[in-house]
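Me: Can you walk me through this model? I'd like to go through it bit by bit.

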Amino acid sequence: LCAGISYRHMRNMTGLRKNAMVAIHHELNKLAGPGASSWISQVQRRSSLLSSRIEEEERGYSEEEMSYVKQGEDALKKAINILSEQDGWTVETVAANGDKVLSKVLPDIGKVFKLEVVLEQHPDNLYEELVDNMEQMGEWNPNVKEVKILQKIGQGTMVTHEVSAETPGNVVGPRDFVSVRCAKRRGSTCFLAGMSTKHPQMPEQKGVVRAENGPTCIVMKPCAEDPNKTKFTWLLSIDLKGWIPKTIINRVLSQTQVE
């Protein structure tokens, strides 16, 4: 069974991975007698978590739902790769308190922006606001007029429709986005990644320019000095569409992150 699930075409067979995990867990239980080593206990816990995840995956997602899950995971992977590369970033904007927005031009994506700050909030509080209370974002974010969840798939994937607020002087008119979002926790670190997608419930709206984003990502993890504070990293990549000079777009996007 273990050998079988190492091959992609067999791993996708309904029920095979679940049976393999049950078998592995059964063997671990036989090993974990009195005085079992800590690594066996750790592997047991991890295999139980993986079994639960596999059961969720195999409960019957449609092809469309699996497509959104894959898009979200791809966005997260691309965003992490971008953020892990430390070279080539230049300063775009410096806020009054010293916070900096950095930027970099990437092939096939264009200009991306990165903000790294420390926030006086526990990561769980921020995760709750950004993920669990996503539809209330317009109440406190000056750049967002409305967020609506169009579809949820499992615990960590959702498709959303967002409408941006008008910029001062209406320099950039109303924009809307349809995005797939992937929310994940890895240990004490939380991720919220996204990218543009299409959804049958939300075709392009008359009078509103449909912009595109992605990959975008917010990373939240406890500060080493104070776990009640959060190291907050925000990767932003947006194509606002329309006939707007790049200099104006860049200024608007970097200022959006500061706000």
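Me: Where is Pro-215 placed?

Reply: Pro-215 is in the loop between strand E9 (212–213) and E10. Helices (H or I, at least four residues) and strands (E, at least two) are DSSP runs, numbered from the N terminus. This is a predicted model, where local features need pLDDT of at least 70 and side-chain atom pairs count only at pLDDT 80 or more, while totals for chains, interfaces and linings use all residues. Residues are numbered from 1 along each chain as its sequence is written, and side-chain values use heavy atoms, with hydrogens and water left out.

Me: OK, and what kind of peptide bond joins Gly-214 and Pro-215?

Reply: A cis one, with omega at about -5°.

Me: What about Asp-108, buried or exposed?

Reply: Asp-108 counts as exposed, at 85% relative accessibility. The cut-offs are under 20% relative accessible area for buried and over 50% for exposed, with partly exposed in between (1.4 Å probe, protein chains only). Asp-108 sits in the loop between strand E2 (100–106) and E3. Its phi is near 70°, a positive value in a residue other than glycine.

Me: Switching to the core. Which residues touch the most other members of the largest nonpolar core?

Reply: Leu-130, Met-220 and Phe-232, out of 29 residues in that core. A nonpolar core here is a set of buried Ala, Val, Leu, Ile, Met, Phe, Trp, Tyr and Cys residues joined through side-chain atoms within 4.5 Å.

Me: Which elements give two or more residues to this core?

Reply: Among them are strand E3 (110–119), helix H5 (123–132), strand E10 (216–222) and strand E11 (230–236). H5 gives the largest share, four residues.

Me: And what is Met-220 in contact with?

Reply: Leaving aside neighbours within four places in sequence, its contacts (heavy atoms within 4.5 Å) include Leu-126, Tyr-127, Leu-130, Cys-190 and Phe-232. There's also a second, separate core of 14 residues, which includes Leu-76, Ile-82, Leu-83 and Val-219.

Me: How many residues of E11 are buried?

Reply: Six of the seven, so E11 is largely enclosed by the rest of the structure. E11 runs antiparallel to E3, with seven bridges joining them, and Leu-119 has Thr-230 in E11 as its bridge partner. E10 and E11 also pair in the antiparallel sense, over six bridges; two strands pair if DSSP finds at least two bridges between them. Val-219 stands opposite Thr-233 in E11.

Me: Now H4. Which of its residues are buried?

Reply: Tyr-68, Val-69, Gly-72, Ala-75, Leu-76, Ala-79, Ile-82 and Leu-83. They cover an arc of only 155° around the axis, which puts them on the same side of H4. That arc is taken from the directions from the helix axis to the C-beta atoms.

Me: What's exposed on the other side of H4?

Reply: Glu-63, Lys-70, Lys-77 and Ser-84.

Me: Which residues is Glu-65 in contact with?

Reply: Glu-65, which is in H4, contacts Gly-60, Gln-151 and Ile-153, again leaving aside neighbours within four places in sequence. Glu-65 and Ile-153 are 88 residues apart along the chain, with their C-alpha atoms separated by 6.5 Å.

Me: Last one, how many disulfides does the structure hold?

Reply: Zero, where a disulfide is a pair of cysteine sulfur atoms within 2.5 Å. For Cys-182, the nearest cysteine sulfur is that of Cys-217, 8.6 Å away. Cys-182 counts as buried at 2% relative accessibility, and Cys-223 is buried with a relative accessible area of 9%.
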